[in-house]
Every structure is written in structure tokens, then in C-alpha cells.
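Okay, everyone, let's get going.

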There are 4 protein chains.
Amino acid sequence: MTSETADDLGRPLSGWRLRLYTIIFEADTRAGRLFDQALIVAIVASVAVVLADSVHAVSARYGGAFDVLEWAFTLAFTVEYLARLACVRRPWRYATSFFGVVDLLSILPTYFAVLFPEWQSLLDVRILRLLRVFRVLKLAAYLQEYQALGRALVASRRKVLVFLSAVMMIVLVMGTLMYVVEGPANGFTSIPTAVYWAITTMTTVGFGDITPKTDVGRLISSVMMLLGWGTLAVPTGIVTAEMTARRMLRPPTTRTCHECLTEGHAPEADFCMHCGARLHAYHADEPPPGR
Amino acid sequence: MTSETADDLGRPLSGWRLRLYTIIFEADTRAGRLFDQALIVAIVASVAVVLADSVHAVSARYGGAFDVLEWAFTLAFTVEYLARLACVRRPWRYATSFFGVVDLLSILPTYFAVLFPEWQSLLDVRILRLLRVFRVLKLAAYLQEYQALGRALVASRRKVLVFLSAVMMIVLVMGTLMYVVEGPANGFTSIPTAVYWAITTMTTVGFGDITPKTDVGRLISSVMMLLGWGTLAVPTGIVTAEMTARRMLRPPTTRTCHECLTEGHAPEADFCMHCGARLHAYHADEPPPGR
Amino acid sequence: MTSETADDLGRPLSGWRLRLYTIIFEADTRAGRLFDQALIVAIVASVAVVLADSVHAVSARYGGAFDVLEWAFTLAFTVEYLARLACVRRPWRYATSFFGVVDLLSILPTYFAVLFPEWQSLLDVRILRLLRVFRVLKLAAYLQEYQALGRALVASRRKVLVFLSAVMMIVLVMGTLMYVVEGPANGFTSIPTAVYWAITTMTTVGFGDITPKTDVGRLISSVMMLLGWGTLAVPTGIVTAEMTARRMLRPPTTRTCHECLTEGHAPEADFCMHCGARLHAYHADEPPPGR
Amino acid sequence: MTSETADDLGRPLSGWRLRLYTIIFEADTRAGRLFDQALIVAIVASVAVVLADSVHAVSARYGGAFDVLEWAFTLAFTVEYLARLACVRRPWRYATSFFGVVDLLSILPTYFAVLFPEWQSLLDVRILRLLRVFRVLKLAAYLQEYQALGRALVASRRKVLVFLSAVMMIVLVMGTLMYVVEGPANGFTSIPTAVYWAITTMTTVGFGDITPKTDVGRLISSVMMLLGWGTLAVPTGIVTAEMTARRMLRPPTTRTCHECLTEGHAPEADFCMHCGARLHAYHADEPPPGR
């Protein structure tokens with residue numbers, strides 16, 4: 001982790017806490033890297049156990065072994081969690097951070113499962129530990145990529161919200177329209193159900209559990225399908241058509257930009273139209289580039 | 001609202017009408033903002049009531065409360081509508097504008113429902129009031145965005161129409177072809193039905209309520225599916241492949257543009273091929289930027 | 001039509017043939033435009049009749065009227081076809097051109113239907129006359145757009161073929177794999193059937209008439225689904241992520257290009273990174289442009 | 001093949017081996033091209049036989065002929081394989097290369113089929129010989145394109161892996177959530193099954209073999225569907241909206257770049273904002289270009 005995050009949590013200054021911290025939170029030493037690798041293996045293995053345990057045929061055979069493994073994992077993750085809390089200077093900060101909450105959620109289910117068996121399926125939450133796995137594997141790179149992705153999403157949040165709100169309104173109005181046109185007899189038993197159908201149609205998923213039976217209903221469905229697919233196809237098609245059309249209209253010379261290999265610059269152009277680099281002077285007998 | 005729209009409707013000059021106008025149509029004063037927030041809450045709540053009321057299990061329990069709420073909302077919206085008409089100087093202009101019509105449609109259904117019970121589902125039209133909600137929340141921003149979206153759609157209308165007409169022709173011809181090949185016995189009972197199937201296939205929705213059973217039919221279906229998916233995949237794939245291919249062909253130097261961090265400029269380039277900014281002079285021993 | 005195409009078909013030089021030609025093939029005169037409009041109406045009406053006639057409920061009622069209308073249309077289109085052949089100087093050229101074949105196909109079915117009733121569904125081929133309709137409506141514009149589209153497709157044909165061949169190979173290999181894993185008992189009755197299923201899966205249509213039942217089969221299906229959807233999502237996501245990431249990294253200045261309104265140019269940039277226009281000199285106290 | 005690959009395998013120096021090599025591995029001579037064309041025909045034909053043989057109706061009729069053809073193809077491909085091994089100087093290198101393995105897999109199945117009938121479906125592996133077909137048809141071009149495609153994929157592998165890992169995590173968490181909410185009674189019999197359903201939903205395939213029945217389940221499904229479709233629609237829509245919005249904001253002049261026909265340049269612009277070419281001096285009365 002960067003020193004920035006270290007200061008957030010409070011990197012200890014000396015002693016056994018510092019040694020523990022370098023192993024758990026940092027990956028510069030051999031012990032640190034070994035710890036991370038062991039942690040990754042433990043996470044993947046524990047998730048696989050949860051998946052396998054949910055399949056009746058498998059749990060019937062290996063159920064006992066799975067229970068033992070599950071307790072082993074839980075104890076190991078509990079020790080790790082307590083170790084993390086113990087070695088940072090601001091344990092409360094870690095406990096309330098995203099990864100701290102994930103760690104806690106990872107171990108609580110097993111204890112709950114003993115007391116409340118119906119919570120047993122929450123054991124998969126351990127997959128969220130995989131987020132930490134990416135972090136330790138190639139710390140800087142992945143941290144940068146997920147952070148970049150996160151920042152990009154946050155930056156575009158208004159456009160996304162406006163777009164999604166428009167979709168929700170269309171889906172609500174068209175869904176209710178279908179509810180009126182088709183009616184409960186044809187599967188559209190309520191407006192929420194109709195809206196669910198409208199979403200499956202506009203996102204082109206099309207489960208088929210509810211389908212329009214009347215002609216008017218099928219007409220409205222067609223409009224929705226074209227809307228949902230068109231939102232993808234129309235911009236893509238228009239943008240590509242324009243790019244190719246512009247290429248069609250270029251004067252047919254073989255002047256090639258030596259930077260980006262774009263052909264067909266006008267005789268009087270000085271700069272590459274694609275990349276802005278300065279083009280070589282125009283030689284009418286320049287051999288066409290191979291391809 | 002901008003003074004432009006105010007002039008459209010006729011902003012009153014003085015008196016109680018002006019005070020009312022500033023509350024209802026403008027959001028500069030505290031009363032104006034409170035009014036807008038209360039309106040948003042009322043709109044969302046009334047729509048939620050409509051949705052809940054359509055679910056039998058819920059309406060069986062709370063039907064009576066919903067009716068009372070619905071009348072309360074209707075009366076509130078009626079008062080609001082009449083207030084709007086009363087305080088502008090050109091009430092007819094408001095009544096015939098998009099939002100004026102939406103407001104009227106929002107209250108009429110409840111009155112109709114008393115007289116004509118089968119119109120009860122049109123109460124959801126209130127969602128259109130949400131359009132007004134976005135407007136009052138972040139007036140300038142959203143107004144600009146929806147207007148920009150609307151103008152963009154209007155500007156591209158010809159390309160969209162040409163594209164859609166091509167899709168409609170393909171869907172009509174292929175649909176009738178399937179109608180001939182598969183026949184009513186396999187679900188393709190008429191050409192309109194076959195066209196509906198063709199749309200579900202080309203837009204990749206694929207409900208599955210009608211499916212081809214013959215080999216020739218499945219062959220034609222495959223062509224349609226590849227057409228519909230390919231319209232999305234082929235341009236995307238080609239554009240991306242070209243972008244990446246061009247990056248592959250760059251001379252392998254580590255010259256990095258300090259504006260956009262694009263690597264690999266040719267030794268003789270003066271301007272960044274990606275962003276056009278002037279590159280630093282070429283130093284053969286420049287350390288590669290960390291990544 | 002342009003004089004180019006006129007020369008192709010042989011524009012007559014004088015007399016009744018020239019007058020007929022100007023009405024049918026050209027839209028400069030009032031008679032020519034009236035003819036085109038009447039033709040459009042006739043085409044749309046005749047196609048609507050074919051569609052309506054295929055719906056049993058409707059044809060049971062209006063079948064007789066449809067037959068009469070159909071013969072009227074056929075006679076009208078026959079007269080038009082013969083008129084076209086009569087007034088051009090190279091009738092054979094027209095008869096073998098795309099539109100000439102479409103015109104012939106438009107009238108033959110009705111005659112066939114008398115002799116061979118099972119060909120009755122080919123009457124929809126008249127929709128191909130709609131292609132001519134676009135041409136006469138806004139001749140230059142649409143002709144340019146469809147021709148541009150056609151040329152663009154022809155120009156990219158190799159990339160499209162390479163891309164499609166890769167898709168076909170994946171679909172063939174994965175389909176046969178599913179045929180081996182799932183077997184005829186689960187619906188994968190033959191390799192062609194399995195390939196049909198593979199296409200519905202990779203193009204994300206997902207009819208659901210054939211679905212994998214075994215765990216291994218579902219695993220392979222998941223891979224195919226991610227392949228088909230990923231071909232769309234991965235490039236789109238990567239391109240957008242890069243665009244947004246680059247915007248993240250720009251130095252936070254408010255220097256705005258007055259051409260394209262792109263913000264955030266570096267203090268030392270001389271040219272707009274987006275459009276290459278020369279930027280105004282940097283004034284540190286330039287007010288930020290309104291959003 | 002390029003001399004680079006030739007040196008990999010060891011182009012023989014003289015004699016019958018060199019003559020054989022030029023026919024099989026090279027396409028410069030007439031014999032070489034004939035060989036390649038015959039090979040293509042043999043590959044396509046043998047694959048078609050495998051496909052046809054898997055259809056019961058067809059194999060019932062022509063099964064005998066198919067068996068004979070299959071042995072003929074196998075013998076031909078065996079001879080070709082042995083010939084390839086015989087004429088290169090490093091046969092082991094060829095045998096372990098991708099195409100060498102494909103060739104071996106192409107002939108082994110028939111021999112296996114005699115000994116182990118249940119492997120009969122692996123005969124389709126011959127489609128992989130089609131890879132070699134593309135190579136011989138337009139060697140340089142296709143080699144370049146597939147290699148370019150391969151290199152592009154390898155270069156982007158990290159972004160792709162990060163993206164896919166994010167998708168897998170979402171699908172695993174949401175799938176298990178549905179498993180908890182819907183339960184085995186509604187088809188979500190195990191977590192792997194629920195994850196399979198989540199993938200069909202997020203990739204918008206939507207088979208419909210498993211569908212949510214509860215209201216909460218349908219709500220979660222709606223979120224997943226909007227996620228899967230939105231990953232495609234939101235970036236496309238945002239990028240296109242920005243492109244069009246920028247075009248909206250340009251000053252309305254008719255200054256047209258003579259290179260790319262982009263209209264609407266500002267009066268003071270010197271370079272085309274789209275293509276960077278120098279614009280003609282501004283004439284206020286320039287006639288708008290026809291469109």
C-alpha cells in the first residue's frame with residue numbers, strides 16, 4: 001500500500017506491531033509476499049468450497065469435509081482480521097473501511113450459521129476478499145486501474161443518472177401501456193410485473209416468461225425492442241458510417257503519413273489529418289505503401 | 001425557469017399573482033424551493049401508490065388507503081394546476097404546452113375513474129410530472145441536457161430514419177420468408193406475426209415464444225441473428241482493431257507526450273500524434289515512465 | 001436520376017417516349033413528382049394489403065376486397081413496368097438491373113398465384129419497390145446515403161469476412177463440443193442443431209428452445225455468452241475507460257479551445273489537443289466557461 | 001510462408017524434399033497453389049460430411065457413403081501430414097507447432113473411431129485446418145490480420161482480465177443473492193446454477209430456462225439487466241451525445257472544409273477542426289454545399 005493509505009490507518013512505528021504490519025499490509029518483504037499468496041489461495045479455496053457445498057450432489061458426499069474446511073478458513077480469517085486490527089494504530093478506521101467491513105462479513109456468517117442456519121448462503125461474501133487479492137498481487141497497477149475506473153464512474157455519474165432516468169421513465173410508461181393492452185390474463189398481472197417485462201425487453205434480454213399475445217401488444221413490443229437495440233446500433237452505425245464515408249471522399253492520392261500510416265492525404269495538405277504530424281513534401285511518384 | 005420561458009407564458013407583473021408565480025414557476029426563493037421539493041415528493045409518492053395499487057395482494061390489503069391517498073393527490077395536483085393557470089398572464093399557452101397537457105392528464109384520470117372505472121391504469125401518466133421534477137431540481141443543468149439530447153436526436157433524424165427504414169425492410173422480407181418456410185403450423189401464423197418474430201431475433205431479444213423448427217428456417221434465423229448482433233459487433237470490433245493495430249505499428253521508442261501520456265512516438269515526430277501538443281526534444285536515454 | 005444513370009438506360013431523345021420518360025424516371029416536373037407520389041402510395045398500400053391478407057381473422061372478412069385490390073395493383077404495376085421498358089432506349093438493360101428485376105418480381109407473383117396458389121406469399125417482394133420510393137422522394141440525398149452505405153460495406157468486406165469467419169469457426173467448434181457434452185437427449189440432436197444453438201447464444205439472442213442441462217454444458221455456455229457479449233462490451237468499455245482516464249490526467253486548467261470548447265489544456269499547449277486549432281494565449285485569470 | 005517461418009521449420013536445401021516443400025508449404029508455384037486449393041476443398045468437404053453425418057435423417061440414408069468419404073479424407077490427410085513431416089528439416093518442430101497438432105488431431109479421430117466409437121464427434125476438429133486454409137489463400141494478408149488480432153488481444157490482456165474479473169465478481173455475488181432470495185423451489189438449485197443464470201442475464205442472452213418468480217428476485221434481475229445492457233449503452237450513448245452536442249455548439253457558418261466536407265467552422269478558424277487541413281479564406285457569401 002502507498003504511504004498515503006498507511007498514514008490513513010496508522011502505520012505503527014516499531015516493535016512487533018510494525019513487523020506484523022509489514023507482513024500483512026505490505027508486500028515488499030518475502031514474508032509479506034508469502035502472506036499475500038497464502039491469503040489468495042485461502043480465499044479462492046474457501047469460495048470454491050462454498051460453491052461446491054451448495055450443490056446437493058456434492059455436499060451429500062463431502063458435506064462433512066466442507067464443514068471442517070469452512071471452520072478452518074473462518075478461524076484463519078478471524079486470526080488475520082484480529083491481527084490487522086491489532087497492528088494498525090487506528091483500528092477503528094480499518095474496521096469501518098470498505099475492506100475492513102468485507103473482512104468482518106467474511107467471518108461472521110460462519111458464526112451466524114451455527115446460531116442461525118438460514119444465513120449459510122452469505123459465506124460467498126468472501127469473494128469480496130478477492131478485491132484485496134488483486135491489490136496485493138500487483139498493487140500499484142490494479143489499484144490504479146480500479147481507482148481509475150471508480151473515478152471515471154463518479155465523474156460521469158450525472159450523465160449516467162440522466163440516461164438511466166430516461167430509461168426508467170420509458171420503461172415505466174411503456175410497461176403500464178402493455179399492462180393496459182395485454183392485461184393480467186396474458187401474464188401482465190400488475191404494473192410492477194409489466195415494468196419487469198419492459199426491462200427484459202428493452203435490455204434485449206428477453207427471458208420469455210412473459211410475452212405479448214395481442215397484436216397491439218406485439219406492436220408496442222416491437223417499438224420497445226427497436227428502442228433498446230437501436231440505442232446500441234444507431235450510434236455505432238452512424239459513427240462508423242461517417243468514418244467510412246469520410247474515407248470514401250478523400251482525394252485518391254497515396255500520400256501517407258509516416259506516423260500513423262494514414263493514406264490519401266490531399267496534395268496540398270501540410271499536416272496529417274489524423275494525427276497532426278507534418279507530412280513529407282508531396283512527391284507525385286511516391287510508391288504506394290505495401291498492403 | 002429562464003426569462004425566455006417566463007416571457008412565453010407571461011410572467012405576471014405584480015401582486016398576489018407574481019408572488020404565486022415566484023413560488024410555483026421559479027426556484028430562487030426559499031418558498032419556491034420548498035414548493036418544488038414538496039411537489040417532487042408528491043409525484044413520486046403518487047406514482048408509487050399507482051404501482052402498489054396494481055398488485056392484487058397489496059391492493060387487497062390497502063385498497064381503501066390508496067383510494068384516499070389518490071384523491072388527496074388529485075386534489076393537490078388540481079389546486080396546483082389551477083394555481084398555475086391563474087398566475088400566468090397567458091394561461092392558454094400553458095394549458096397547451098407539453099407540461100400543461102401532462103398536468104391535465106395527471107388529474108383527469110381520477111375523475112374519469114369515478115365515471116369510467118376501466119381508465120384507472122392511466123394514473124401512471126403522473127410519471128411525466130417527473131420531467132418537471134428534473135427541471136426544478138437542477139434547472140439549468142438538466143434542462144440543458146435534455147434539450148441537448150432532444151436537439152441531437154432531431155439533428156440526426158434523417159440518418160436514424162434511413163437506418164431504421166433499412167432495418168424495417170430487412171425484417172419485413174426475412175419475416176415473410178420465414179412465414180413461407182416455417183408456416184402457421186410452427187407458430188408463424190401470419191406475416192405480421194413473422195415480422196414480430198423477425199424483430200425479436202434481429203434485436204437479439206429472443207423471447208422464444210416463436211422459434212424456427214425446420215432446418216432451412218434455422219439457417220435463415222442464424223443469418224438474421226448474425227445480422228442483428230453483427231451490426232453492433234462488426235463496427236466496434238473493426239474500429240477497436242484498427243486503433244490497436246495502429247498502436248502495434250508504432251516505432252518502439254519510449255518518447256512520451258507529457259500531455260496525454262501516449263508512448264512510442266517516432267524519433268522525428270514534433271507533435272504528439274494523439275493530442276497534437278509539442279513533444280519534448282528526443283533524448284535517447286529518457287527513462288520510461290512508470291506504469 | 002442523374003444523367004449518368006440516364007445514359008446507362010438510354011434516355012430517349014424526343015417524342016412521346018421522352019415525355020413518358022420524364023414522368024416515370026425523373027422528378028423535375030409536376031407530373032413526374034405526382035407520378036412518384038402515386039407510386040409510393042400504391043406500393044405502401046399493396047404491401048399493407050399483403051400483410052393484412054395473411055392474417056386469417058382479417059382475410060376471412062375482407063378476402064374478396066383484397067383479391068380485387070391485388071389485381072388492381074398488379075395491373076397498375078404491370079402497366080408501369082411495360083411503360084418503363086417502352087420509353088428507355090435500352091430496355092434490356094433496365095430489365096436486368098436490380099430495380100428492373102424487383103419490378104418484374106413484383107407483378108409475376110399475382111400471375112403465378114392464379115396458376116400456382118402456394119406462391120402467394122411472395123407478393124411482399126413489393127417492399128423492394130420501397131427502395132425506388134426513397135430514390136424518388138429525396139433522390140440525391142438518399143441515393144448518396146445508400147450508395148455511401150453500400151460502398152462502405154464493399155470497402156470493408158475483407159475485415160467483415162475475416163471477422164465473420166472467426167465467429168463461424170468458434171461457433172462450429174463450440175457447438176460440436178456442446179453436441180458431445182450434452183447429447184441428443186438434451187436437445188442437441190445433431191451438429192447443425194448445436195451450431196444453431198451456439199449462434200443463438202453467441203449473438204446473445206437466447207431463444208431458449210434448446211438449453212444446456214449438464215453442468216459442463218452450462219460452463220461452456222457461460223464462456224460462449226461472455227465471448228458474445230464481451231465482443232461488444234470489452235472494446236466499448238476499454239475505449240471509454242481510456243478516454244475518461246485521459247481526461248482525469250489533464251492538468252486542471254480552464255484553458256478552453258474556442259473551436260470545440262474542450263477544457264483543460266496544459267499551460268504550454270499551443271494547439272487544441274482535440275481539434276488542432278490554435279489556442280488563445282494563456283491568461284491565468286480567464287473566467288471558466290459556463291457549463 | 002515467410003522465410004522467417006521457413007527457417008523455423010527448416011526449409012530443405014535440395015532434392016525431392018525441396019520440391020515437396022515448395023508444393024506443400026509455399027504458394028509461389030502453380031503446383032503449390034493447386035495443392036492449396038485442393039486442400040481447401042478437401043477440408044470444407046470433410047467438415048460438411050461430418051456435419052451431415054450427425055443428422056440422423058441424412059446419415060440413415062448416406063451413412064455408408066459418408067464412411068467411405070471419411071476414410072478417403074483421412075488417408076489423404078494422413079499422406080499430407082507424413083509428407084509435411086518428411087520434407088522439413090525439423091519435423092519435431094512442426095509436429096509440436098499449433099498447425100502440426102491440428103493436423104494430427106484431424107486424422108487421429110478416424111482411427112480412434114474404429115477403436116472407440118464414442119469419439120466419433122471429434123472429427124469436426126478438422127475445422128481447425130481451416131485456419132491453414134486462410135493462410136494459404138491470401139497468405140500475407142490474412143497472416144497479418146490474424147497475427148495483428150492476436151497481438152492486439154495479447155497487448156490488451158490485462159485490461160480484459162481486469163474487466164472480466166469485475167464481471168465475474170458481480171455475477172458471483174448477484175447470483176448467490178438470487179439463490180438466497182428465490183431458492184431451489186424456483187429453479188435456483190445451487191449457487192453454480194444461480195451464477196449460470198446471472199451470466200445469461202448480464203450478457204443479455206436470457207434463455208428463460210430459469211427465471212425469477214419473486215418480486216425481490218425480479219427487482220434484482222432488473223438491476224442486473226440494466227447493468228449488462230448499460231455497460232454497452234451508457235458509454236455508446238454518452239460518447240455519441242458528446243460528439244453531437246459539440247457539433248450543436250459550433251457557430252452557425254457554412255464554412256466547409258474541402259477535404260472532409262465538415263461544415264460550420266468558426267469565422268476565425270484557419271484549420272479544419274476535424275481533419276486539420278487548411279481552410280479556404282472566409283467568404284461570407286459562399287454558397288452552401290449541396291446535401
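So, before any counting: a salt bridge here is a side-chain nitrogen of Lys or Arg within 4 Å of a carboxyl oxygen of Asp or Glu. Go by that rule, and you get 4 salt bridges over all chains. Keep in mind that this is a predicted model.

Let's start with chain A. Which residue does A:Glu80 form a salt bridge with? The partner is A:Arg84, and their closest N and O atoms sit 2.7 Å apart. Both residues are in helix H4 of chain A, which covers residues 56-87. They're 4 residues apart, so about one turn of the helix.

Now, buried or exposed, what would you call A:Glu80? Buried means under 20% relative accessible area. A:Glu80 comes in at 5%, so that one is buried. A:Arg84 is at 2%, so it counts as buried too.

On to chain C. C:Glu80 makes a salt bridge with C:Arg84, with 2.7 Å between the closest N and O atoms. You'll find the two in helix H4 of chain C, residues 56-87, spaced 4 residues apart. C:Glu80 and C:Arg84 are both buried.

And then chain D. Here D:Glu80 pairs with D:Arg84 in a salt bridge, closest N and O atoms 2.7 Å apart. Both lie in helix H4 of chain D, about one turn of the helix from each other. Why do we call D:Glu80 buried? Because its relative accessibility is 5%, and the cut-off is under 20%. D:Arg84 is buried as well, with a relative accessible area of 2%.

Conventions: Residues are numbered from 1 along each chain as its sequence is written. Chains are lettered from A and ligands numbered from 1 in the order in which they are written. This is a predicted model: local features need pLDDT of at least 70, side-chain atom pairs count only at pLDDT 80 or more; totals for chains, interfaces and linings use all residues. Side-chain values use heavy atoms; hydrogens and water are left out. Buried means under 20% relative accessible area, exposed over 50%, partly exposed in between (1.4 Å probe, protein chains only).
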